[in-house]
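Please keep the sequence and the 3D view open while reading.

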Amino acid sequence: MTGSRSTLIPLTDVWQWQQHGNCQGMNEAVFFPPTGERGHARMMRERRAKQICSSCPVLNKCLEHSLSLPEPFGVWGGVGESERAILIKDRRRGGASRVA
Ligand code: SF4
């Protein structure tokens, strides 16, 4: 048998940080855009989501998760879709991709 058991991580460990997020139990519509959402409505929804994220105890883990997959939709770690796309491009080019 090849391979190592030590490389296998239980899925519950990978996602456990989410149980400590401020968004737990909240309506996910705050974090993910409905079909066709644009302009002012989108800006206000993202602003609300980012406000919730700003005091989240797992913000850094959430952001890193969203950058590493990468997650294409929604606000993760206080970062919206368009901002995350820039960070991902920067990371692929070898940039630090830090969010202040
Ligand atoms: S950073 Fe935001 S999206 Fe991520 S777990 Fe916390 S509240 Fe939820």
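## Fold

Helices (H or I, at least four residues) and strands (E, at least two) are DSSP runs, numbered from the N terminus. By that rule, the chain has 4 helices and 0 strands. Read from the N terminus, the order of elements is α-α-α-α.

The model is predicted: local features need pLDDT of at least 70, side-chain atom pairs count only at pLDDT 80 or more, and totals for chains, interfaces and linings use all residues. Residues are numbered from 1 along each chain as its sequence is written, and side-chain values use heavy atoms, with hydrogens and water left out.

Buried means under 20% relative accessible area, exposed over 50%, and partly exposed in between (1.4 Å probe, protein chains only). Of the 100 residues in the chain, 29% are buried.

## The largest pocket

A cavity is a set of points where a 1.4 Å probe fits but cannot get out; a pocket is an open set with protein on both sides within 12 Å along at least five of seven lines. Lining residues have an atom within 4 Å of a point.

The largest pocket has a volume of about 330 Å³. That volume is the space filled by probe spheres set on the points, which are joined across faces, edges and corners. The lining counts 20 residues, and Gln18, Cys23, Phe31, Cys62 and Trp76 lie nearest the centre. Helix 2 (39-53) and helix 3 (59-68) each give the lining at least two residues.

Ala, Val, Leu, Ile, Met, Phe, Trp, Tyr, Cys and Pro count as nonpolar, Asp, Glu, Lys and Arg as charged, and the others, Gly among them, as polar. On this scheme the lining holds 13 nonpolar, 6 polar and 1 charged residues.

## The ligand shell

Where does the ligand sit? It takes the space of the largest pocket; the test is that more than half of its atoms lie within 2 Å of the grid points.

The residues around the ligand include Cys23, Cys53, Cys56 and Cys62. Gly21, Asn22, Phe31 and Val58 are also among them. The shell divides into 8 nonpolar, 3 polar and no charged residues.

Cys56 counts as buried because its relative accessibility is 16%. Cys62 is buried too, at 12%. The structure holds 0 disulfides (pairs of cysteine sulfur atoms within 2.5 Å).

Leu67 belongs to helix 3. Its relative accessible area is 6%, so Leu67 is buried. The C-alpha atoms of Leu67 and Arg91 are 8.8 Å apart, across 24 residues of chain.

Lys89 lies in helix 4. At 55% relative accessibility, Lys89 is exposed. Lys89 and Leu67 are 22 residues apart in sequence and 9.9 Å apart, C-alpha to C-alpha.

Pro70 sits in the loop between helix 3 and helix 4 (81-92). Most peptide bonds are trans. The bond from Leu69 to Pro70 is cis, with omega near -10°.

Definitions and conventions: Near = heavy atom within 4 Å. 1 Å grid on protein atoms, 1.4 Å probe; cavity = no way out; pocket = protein on both sides within 12 Å on 5 of 7 lines; lining within 4 Å.
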